[in-house]
Amino acid sequence: MSSIEEDSVVVVDDDDDDITPSVSQTVPESTVAPSTNVTLGEPINQKWTSSLLFSVIIVVLSTSFVMGVNIGGANLYNGFIIPWTRGYPFPCQKEDNTPKWIAQKWWNCSYDGTTIGVYGFYELPKISKNQLLAQRMRDSLHTVLFVIGGFIGAYSGQYWYKCLSRRNAILANMPFQIIASILMIITLYIYHGYETNDPDLETLEKARKHKGLAITFLYISRFLSGFSAGMCCVVSTSYLNEISPRVLRGTVGSCHQLAIVIGILIGQIIALPWILGRHDACSTWNWGMAWVGLLPIVGTILIWTLPESPQWLLQERKQNEAAQTLRKLRQSNDIGAELVEIEQEETATTKEELGIGKVLCSSEFRWPLVTSLVLNAVQQLSGINAVFFYSGDMFSLAGLRDEKVLWGVLATGVINLIATLIALKLIELLGRRPLIIWPLAAIIVVMVGLTIFIVLNRKNPEDKREALAIVSIVFILIFIILFAIGLGPIPYVYSNEVFVVEARAAGLSLAMFMNWFCNFLVALLFLPLQSVIGGYVFLIFCLFVAIAFVLLFFKMPETKNKKLHEIEAFWK
């Protein structure tokens, strides 16, 4: 058929659930490539419906939100985890100022220089300068393993798509976090110490009996949580993109990032010492790291109530099922124009799903791939996860002390959430490109200013650092706002918009692999670099942002409400 009438309608048989196109717009199941002669009416009912909203909520709560909790919560548990992995599992055995303040406030610990014991250490031993770099890398190992799991999970996304549908790939993601939560709960039950005085040798040996096994469980748990998080960045974002109307793709896709941001904030709140961030006879920090596994358990039940991706169904040549799914998602029978548009853009080809090698080597996908890789790389190399993984260390570096660090950490979560909510509106109002280009330019200025204030503040006496510390914190919060309105949500949305369907799984897997690999570099190197060069570490982030700004300024198209051939025309 060479053309489709603009005023064609969908005829629904009352005796059958299938939606049948009328004769004037019948599209054979072997639909062929779209022609420039084809004219289409604009799809209608391009709005939020209860079915679409329910699908988005179930997916993001059981995957994206879980990822956010695993990012945000772990930061505040570092004060417990680091001494615990070093072999000092008792409540008063703390190293940094904020964990010591918590121990003094809640467990009556005292750090007056007279409480260093004979057998164990009431206060952790000092680390020599020549061992500091290696120790910092060991201290960050649980975070590094989370990120390693993330980029392996992201890379695996394409393979899940080859053997499972879009919805079932999300289901396959959930057991990894469930197992991770079970292992996390076990860790503190088999290796702990609750003595608030300096432990004697017998108490110390008893506490450390199962240390190796418990730490192994911790590391495996963090790796599996990371794998689940990385995999969800591919399978969940792709599903959200494919069930959403074209005019809502940006908003629906941003719900993934919104759920992550909410998860980060909730994880930070749950980790407060008066909730689950405790380390005493009622020690609960393991539950603070594990409770989020309840959500994928619920998700494995509710996922079966969600519709399958209509684009995937059309790719599998299941037109009637795709029509039923669209009718459910749009809550309307007038889905003919959208159904044919999806066919023309996504399934008007007989090609099989392309692997990573073909996508990497094909000139057809060069700029969609390069811009997606750069966007996802700079999302991490801007330094955002240095803030959320190590914000306590960053605020201490800036000059904050004691409980002020806790409030600073919570401020990052609150500001991130507010800015992300604003971004949900801006992403469809202003488009993708302006929200990437101009915030990137502003981030460069902020990073330079942050470096100057931190370096200057380090030269001040410790009792005179608070004023400049507050200025530094303001710069960090401005950076979070600039990140949240663009670099936060858009890489996930953009990478789903610029690839044809046969290259989407491979392209998205590569983009998410790059995202998590750069995340890995930040998690691995931030603490060691900070211990060596101090505040100048932010100039490294500034350099990467500047490189990304130049490339994306010239090569990133606007994708808001654009059809695929319109996006591709930008590079030709």
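This is a predicted model: local features need pLDDT of at least 70, side-chain atom pairs count only at pLDDT 80 or more; totals for chains, interfaces and linings use all residues.

Colleague: Within what distance do the axes of α16 and α23 come, and at what angle do they cross?

Modeller: The axes of helix α16 (residues 366-381) and α23 come within 10 Å, and the crossing is at roughly 155 degrees. That angle makes α16 roughly antiparallel to α23, because angles over 145 degrees count as roughly antiparallel.

Colleague: Which residues make the contact?

Modeller: On α16, the contact is made by Trp367, Val370, Thr371, Val374, Leu375, Val378 and Leu381. On α23, Phe541, Phe544, Val545, Ala548, Leu551, Leu552 and Lys555 take part.

Colleague: How do those residues divide by class?

Modeller: The contact of α16 with α23 has 12 nonpolar residues, 1 polar and 1 charged.

Colleague: Let us turn to α21 and α22. How do they pack?

Modeller: Helix α21 (residues 490-497) and helix α22 (residues 501-533) pack at an angle of about 155 degrees, and their axes are 9 Å apart. The two helices are therefore roughly antiparallel to each other.

Colleague: Is that crossing left-handed or right-handed?

Modeller: The crossing of α21 and α22 is right-handed. Tyr492, Ser495 and Asn496 of α21 make the contact with Arg504, Leu508, Ala511, Met512 and Asn515 of α22. By class, the contact of α21 with α22 has 4 nonpolar, 3 polar and 1 charged residues.

Colleague: What about α6 and α8? At what angle do their axes cross?

Modeller: Helix α6 (residues 166-190) and α8 have axes that come within 8 Å and cross at roughly 160 degrees. That makes α6 roughly antiparallel to α8. The crossing of α6 and α8 is left-handed, and their contact has 21 nonpolar, 9 polar and 4 charged residues.

Colleague: I have been looking at an arginine there, Arg222. Where is it found?

Modeller: Arg222 is in helix α8, which covers residues 211-243.

Colleague: Is Arg222 buried or exposed?

Modeller: Arg222 counts as buried because its relative accessibility is 1%, and buried means under 20%.

Colleague: Then what does the side chain of Arg222 reach?

Modeller: The side chain of Arg222 reaches the backbone oxygen of Asn70, at 3.3 Å. Leaving aside residues up to four places away in sequence, Arg222 touches Asn70, Ala74, His142, Leu145, Phe146, Met184 and Met289.

Colleague: And Ser225, which residues does it touch?

Modeller: Ser225 is also found in helix α8, and at 4% relative accessibility Ser225 counts as buried. With residues up to four places away in sequence again left aside, Ser225 touches Asn70, Phe146, Gln177 and Ala180.

Colleague: Where is Arg317 found?

Modeller: Arg317 is in the loop between α12 (310-315) and α13 (319-330). With a relative accessibility of 27%, Arg317 counts as partly exposed.

Colleague: I also noted Asn561. What is its phi?

Modeller: Asn561 has a positive phi of about 55 degrees, and Asn561 is not a glycine either. Asn561 lies in the loop between α23 (537-555) and α24 (564-569). Its relative accessible area is 33%, so Asn561 is partly exposed.

Colleague: One more residue: Ile454. How far apart are the C-alpha atoms of Ile454 and Tyr536?

Modeller: Those C-alpha atoms are separated by 8.4 Å, while Ile454 and Tyr536 are 82 residues apart along the chain. Ile454 is found in helix α19 (residues 432-458), and Ile454 is buried, with a relative accessible area of 1%.

Colleague: Finally, the whole chain. How many helices and strands are there?

Modeller: The protein chain has 24 helices and 2 strands. Of its 572 residues, 60% count as buried.

Colleague: What share of the contacts with a separation of 6 or more comes from residues 24 or more positions apart?

Modeller: Residues 24 or more positions apart account for 84% of those contacts in the protein chain.

Terms used
Residues are numbered from 1 along each chain as its sequence is written. Side-chain values use heavy atoms; hydrogens and water are left out. Helices (H or I, at least four residues) and strands (E, at least two) are DSSP runs, numbered from the N terminus. Buried means under 20% relative accessible area, exposed over 50%, partly exposed in between (1.4 Å probe, protein chains only). A polar contact is a pair of N or O atoms within 3.5 Å; within protein, one must be able to donate a hydrogen and the other to accept it, and residues adjacent in sequence count only if both atoms are side-chain atoms. Contact means heavy atoms within 4.5 Å. Axes are lines fitted to C-alpha atoms, for helices over the stretch in contact, and angles run from 0 to 180 degrees between N-to-C directions. Angles under 35 degrees count as roughly parallel, over 145 as roughly antiparallel, 65 to 115 as roughly perpendicular and the rest as oblique. A crossing is left-handed if the near helix is turned anticlockwise from the far one by less than a right angle, and right-handed if clockwise. Ala, Val, Leu, Ile, Met, Phe, Trp, Tyr, Cys and Pro count as nonpolar, Asp, Glu, Lys and Arg as charged, and the others, Gly among them, as polar.
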